[in-house]
Each structure stands twice: as C-alpha cells, then as structure tokens.
Amino acid sequence: MTMNLIFFTKGGKRKNIAIDEGVTIVGRRPDCDIRIPLLYVSRKHCRIIRQEEKTIVQDLGSANGTFLNNERIMEAVIGPGDRLGVGSVMFTVQIDGQPEDVEPPARRSTAKVAPEEFALTDSALGLSGISETMSAEEGIPSADSFPEDEPDPDDSAP
C-alpha cells in the first residue's frame, strides 16, 4: 500500500508527501517527521500510524485540533479521499493512487480555526529528504518566513 498526503501551494502547485509504514509525527517542532512551522499547528500536533491494512490518525492534545473531513477527532481511521486538517493546513489522503483526481480545497474553511494565508515548502515541512524540492523561482516563502519560536499558550510541552 502506498500513501500520500497531498496539499497545494499558495500558487496552486500540487505537492505529495509520501507516508511510510510505521509512525509519522506531524507538528511544529524541528524533530517532527512532517514539520509545519505555523502557530495554528502544535509542537507535536498529531501522529499517523500506517499499518498494512489500515491507517490511523491520532490527535496529540493539540490546541487547535485535528480534523477529518471537517470534524474534530481524537483518533480515526483514514481512507482514500479523506481531508485531514492539521491546524490551518488541509491535506487530501491518497492511498494506492486513489483518488486519482485531487482538487485544491476550497479557500473557505469550515473548521473552527481561522485559516491563514500561507504557502508551504518542502523545507518548511521538514521534508528535504522525503519529497521533491521546490524551486526558489516559484516565489514560495522559505521556512524562515514562518513564525516558529513564539510560545503557544495552549501547548505545555517545551
């Protein structure tokens, strides 16, 4: 089974993040497997547990929540075509190439957190060795342009 999380840059370019079997931690900290340095994302926001037959997402006590198809969850099984919201970032789950056609999510969010205007890069996501590298000429801000060291009052972990 192959699994990707798909997102779209501010410029509309599709990016795929391969999720390997095992545990993948998503969060703002530099030691997360998928790093999203935005304030709406907790330091250790959620984990994706990929097993042979199923994939589970678990919220790790995040302040702004983990959403599956616009519903806040603590733990859920995810499948092809599901929309996974991590803070203000929306991913589409693709398993074994399904769904084939993935459209960018609507700009208006039904989540209880106001969406931010941002664009993610592979380096901002901490994926330099995992997915393709985006070129600088795409005009996408670097990881340095995202606030990452500001304290999160709802996050008690250092």
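Student: At 47% relative accessibility, is Asp-31 buried, partly exposed or exposed?
Tutor: This is a predicted model, in which local features need pLDDT of at least 70 and side-chain atom pairs count only at pLDDT 80 or more, while totals for chains, interfaces and linings use all residues. Residues are numbered from 1 along each chain as its sequence is written, and side-chain values use heavy atoms, with hydrogens and water left out. Buried means under 20% relative accessible area, exposed means over 50%, and partly exposed lies in between, with a 1.4 Å probe and protein chains only. Asp-31 has a relative accessibility of 47%, so the class that applies to Asp-31 is partly exposed.

Student: Which residue forms a salt bridge with Asp-31?
Tutor: Side chains of opposite charge can pair when their charged atoms come close. A salt bridge is counted when a side-chain nitrogen of Lys or Arg lies within 4 Å of a carboxyl oxygen of Asp or Glu, and a search of the whole structure finds 1 salt bridge. The closest N and O atoms of this pair are 3.0 Å apart, and the partner, which is partly exposed at 26% relative accessibility, is Arg-29.

Student: How many strands are there in the protein?
Tutor: Helices (H or I, at least four residues) and strands (E, at least two) are DSSP runs, numbered from the N terminus. Read along the sequence, the pattern is β-β-β-β-β-β-β-β-β-β-β. The count of helices is 0, and the count of strands is 11.

Student: Which backbone oxygen does the side chain of Arg-35 reach?
Tutor: Arg-35 is found in strand 4, residues 34–35, and with a relative accessible area of 9% this residue counts as buried. A polar contact is a pair of N or O atoms within 3.5 Å; within protein, one must be able to donate a hydrogen and the other to accept it, and residues adjacent in sequence count only if both atoms are side-chain atoms. At 3.2 Å, the side chain of Arg-35 reaches the backbone oxygen of Arg-28.

Student: What is the separation of the C-alpha atoms of Ala-76 and Gln-58?
Tutor: Ala-76 has its place in strand 9, residues 75–78, and is buried, with a relative accessible area of 15%. Along the chain, Ala-76 and Gln-58 are 18 residues apart, whereas their C-alpha atoms are separated by 6.7 Å.

Student: What is the positive phi of Asn-69, which is not a glycine?
Tutor: Asn-69 sits in the loop between strand 7 (66–68) and strand 8 (71–73). The residue counts as partly exposed because its relative accessibility is 37%. Although Asn-69 is not a glycine, its phi is positive, at about 55°.

Student: Which residue is joined to Pro-99 by a cis peptide bond?
Tutor: Pro-99 has its place in the segment after strand 11 (89–95). The cis peptide bond has an omega of about -5°, and the residue that it joins to Pro-99 is Gln-98.

Student: How far apart are the C-alpha atoms of Pro-105 and Thr-92?
Tutor: Pro-105 also lies in the segment after strand 11, and it is partly exposed, with a relative accessible area of 30%. Pro-105 and Thr-92 are 13 residues apart along the chain, and the separation of their C-alpha atoms is 8.5 Å.
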